[in-house]
Amino acid sequence: MLKPASLRAHLEAASAWLRRNPEKLLVNIEAGHLRLTGAASRSFEYRYTLALTVLDFPEHPSGLFVPLIQWLETHQSELICNPSLQEPGLRFEADILNNTTADLAIRLTLTERVRVTLNPDGTHTAEHLPEPIDPLASYTWQTEFSNPEASPAWPGP
């Protein structure tokens with residue numbers, strides 16, 4: 001599984017405090033399972049809850065959540081784009097220790113696709129696949145009103 005190390009590196013790069021205190025970021029996998037397809041290729045998908053625990057964090061939690069969301073945009077975008085996955089896909093708890101520090105427990109529902117191929121010599125090769133590209137990611141959506149003052153109130157009478 002590649003995402004836990006990738007996320008750790010991203011958070012440490014984004015937070016000077018985590019770079020100075022990497023031992024304060026605990027990364028564990030909980031409730032993992034494989035989604036098997038029964039295909040002859042033996043390809044599968046890891047599905048798991050990634051548990052991040054940040055101990056004695058002296059900054060505002062947004063200092064972690066903003067880079068976390070940035071990482072999700074590339075590595076698990078459905079947690080941002082799919083409303084039914086947003087709430088269960090990213091959860092947190094905070095234990096307020098005093099006026100300046102807190103322990104944060106963050107839970108993310110993650111997946112990783114693995115393509116397995118059979119080599120001519122009978123061995124297998126496992127290739128971790130990148131995230132699928134969102135076909136709508138390149139579109140820019142804009143709504144314009146020619147005269148908002150003349151529009152009826154929403155939701156109308």
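This is a predicted model: local features need pLDDT of at least 70, side-chain atom pairs count only at pLDDT 80 or more; totals for chains, interfaces and linings use all residues.
Start inside. The largest nonpolar core has 20 residues. Those with the most contacts inside it are Leu 7, Leu 18, Leu 50, Leu 52, Val 54, Leu 68 and Leu 108.

Now pick out Leu 68. Which residues does Leu 68 contact, leaving aside its neighbours within four places in sequence? They are Leu 7, Leu 11, Leu 90, Ile 106 and Leu 108.

Next, follow strand S4. Strand S3 (residues 90–96) pairs with S4 in the antiparallel sense. Seven bridges join the two strands. S3 and S4 form a hairpin, with five residues between them. Asp 95 stands opposite Asp 103 in S4.

Strand S4 also holds Glu 112. Glu 112 is buried, yet has no salt bridge. How far away is the nearest side chain of opposite charge? That side chain is Lys 3, at 5.9 Å. Glu 112 does have a polar partner in the backbone. The backbone nitrogen of Leu 2 lies 2.8 Å from a polar atom of the Glu 112 side chain. Not counting residues up to four places away in sequence, Glu 112 touches Met 1, Leu 2, Lys 3 and Pro 4, among others. Its contacts also include Phe 44, Glu 45, Tyr 46, Tyr 48 and His 128.

Turn to the charged pairs. Side chains of opposite charge can pair when their charged atoms come close. The structure holds seven salt bridges. One of them joins the side chains of Arg 47 and Glu 45, at 2.6 Å from N to O. Glu 45 is buried, with a relative accessible area of 11%. Arg 47 counts as partly exposed, at 32%.

Another salt bridge joins Glu 87 and Arg 91, at 3.6 Å from N to O. Here Glu 87 is exposed, with a relative accessible area of 57%. Arg 91 is partly exposed, at 45%.

Finally, Arg 115 forms a salt bridge with Glu 127. Their closest N and O atoms are 3.0 Å apart. This pair links distant parts of the chain, 12 residues apart. Arg 115 lies in strand S4, and Glu 127 in strand S5 (residues 124–128). Arg 115 is partly exposed, at 38% relative accessibility. Glu 127 is partly exposed too, with a relative accessible area of 37%.

Key. Residues are numbered from 1 along each chain as its sequence is written. Side-chain values use heavy atoms; hydrogens and water are left out. A nonpolar core is a set of buried Ala, Val, Leu, Ile, Met, Phe, Trp, Tyr and Cys residues joined through side-chain atoms within 4.5 Å. Buried means under 20% relative accessible area, exposed over 50%, partly exposed in between (1.4 Å probe, protein chains only). Contact means heavy atoms within 4.5 Å. Two strands pair if DSSP finds at least two bridges between them. Helices (H or I, at least four residues) and strands (E, at least two) are DSSP runs, numbered from the N terminus. Lys and Arg count as positive and Asp and Glu as negative; His and the chain ends are not counted. A salt bridge is a side-chain nitrogen of Lys or Arg within 4 Å of a carboxyl oxygen of Asp or Glu. A polar contact is a pair of N or O atoms within 3.5 Å; within protein, one must be able to donate a hydrogen and the other to accept it, and residues adjacent in sequence count only if both atoms are side-chain atoms.
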